[in-house]
Amino acid sequence: MLDSIDEAIVRELRKDARLQNKDLAERVNVAQSTAVVRHRALRERGVITGYHAEIDPNAIGQHVQAMLAVKIRPHTKEIVDPFMAYVLSLPETLALSHVTGPEDFLVHVAVSDVGHLQRLVLDKFTSRREVTEVHTNLLFSHVRKH
């Protein structure tokens, strides 16, 4: 469980993971030493699992984003785990979710153009033996909550 101070620290770090400790302490209204101890404890407890840079796909030539709804068979651990590792290894993959419902996975991808998307789906997904269906949805926009 997180108390109100831990929740405030997490909220502020979600907004800006590069926030300096003195600014974090000020924003959550605690002493700098308290912020350091709490931040370290959140990392040690596995609440904070890492930090990353947010990259604009357009800035690196990935102008098309899509969600791929993928169904695999058989849907067993022996198939699911290697499939997830494979999808996460693809440079086009931004995110992967294992879901319930008619599909088994939602894969958020970013590619340079529609031709690249077509090659990705045909060469990297439908060519795999365990993949039985792929539904592709182009994204008009993608907004991440901060």
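Visitor: In which sense do β2 and strand β3 pair, and over how many bridges?
Guide: In this predicted model, strand β3 covers residues 105-111. The pairing of β2 with β3 is antiparallel, over 5 bridges.

Visitor: Which strands are the edge strands of the sheet?
Guide: The sheet is open and has 4 strands with antiparallel pairing, in the order β2-β3-β1-β4. Neighbouring strands are turned against each other by 20 degrees on average, direction ignored. An edge strand pairs on one side only, and the two that do so are β2 (93-98) and β4 (131-138).

Visitor: At about what angle does helix α5 run to β1?
Guide: Two helices lie across strands of the sheet. Helix α4 (residues 77-89) lies across β1 (64-72), β2, β3 and β4, and runs at about 160 degrees to β2. Helix α5 (residues 114-125) lies across β1, β3 and β4, and its angle to β1 is about 20 degrees.

Visitor: Which parts of the structure does the pair of Phe83 and Phe105 tie together?
Guide: The ring centres of Phe83 and Phe105 are 5.0 Å apart and the planes are at 50 degrees, so this pair is tilted. Both residues are buried. The two positions are 22 residues apart in sequence, so the pair ties together helix α4, which holds Phe83, and strand β3, which holds Phe105.

Visitor: What kind of aromatic pair do Phe83 and Phe125 form?
Guide: This pair links distant parts of the chain, with Phe83 in helix α4 and Phe125 in helix α5, 42 residues apart. The centres are 6.5 Å apart and the planes stand at 70 degrees. Planes over 60 degrees apart count as edge-to-face, and the pair is therefore edge-to-face.

Visitor: Is Phe125 buried or exposed?
Guide: Phe125 belongs to one aromatic cluster with Phe83 and Phe105. Buried means under 20% relative accessible area. Phe125 has 0% relative accessibility, so Phe125 counts as buried.

Visitor: How are α2 and α3 oriented to each other?
Guide: Helix α2 (residues 21-28) and helix α3 (residues 32-44) pack with their axes 8 Å apart, at an angle of about 100 degrees. The contact is made by Asn21, Lys22, Leu24 and Ala25 of α2 with Gln32, Ala35, Val36 and His39 of α3. These residues divide into 4 nonpolar, 3 polar and 1 charged. Angles of 65 to 115 degrees count as roughly perpendicular, and α2 and α3 are therefore roughly perpendicular.

Technical notes
Residues are numbered from 1 along each chain as its sequence is written. This is a predicted model: local features need pLDDT of at least 70, side-chain atom pairs count only at pLDDT 80 or more; totals for chains, interfaces and linings use all residues. Side-chain values use heavy atoms; hydrogens and water are left out. Axes are lines fitted to C-alpha atoms, for helices over the stretch in contact, and angles run from 0 to 180 degrees between N-to-C directions. Angles under 35 degrees count as roughly parallel, over 145 as roughly antiparallel, 65 to 115 as roughly perpendicular and the rest as oblique. Contact means heavy atoms within 4.5 Å. Ala, Val, Leu, Ile, Met, Phe, Trp, Tyr, Cys and Pro count as nonpolar, Asp, Glu, Lys and Arg as charged, and the others, Gly among them, as polar. Two strands pair if DSSP finds at least two bridges between them. Rings of Phe, Tyr and Trp (its six-membered ring) pair if their centres lie within 6.5 Å; planes under 30 degrees apart count as stacked, over 60 as edge-to-face and the rest as tilted. Buried means under 20% relative accessible area, exposed over 50%, partly exposed in between (1.4 Å probe, protein chains only).
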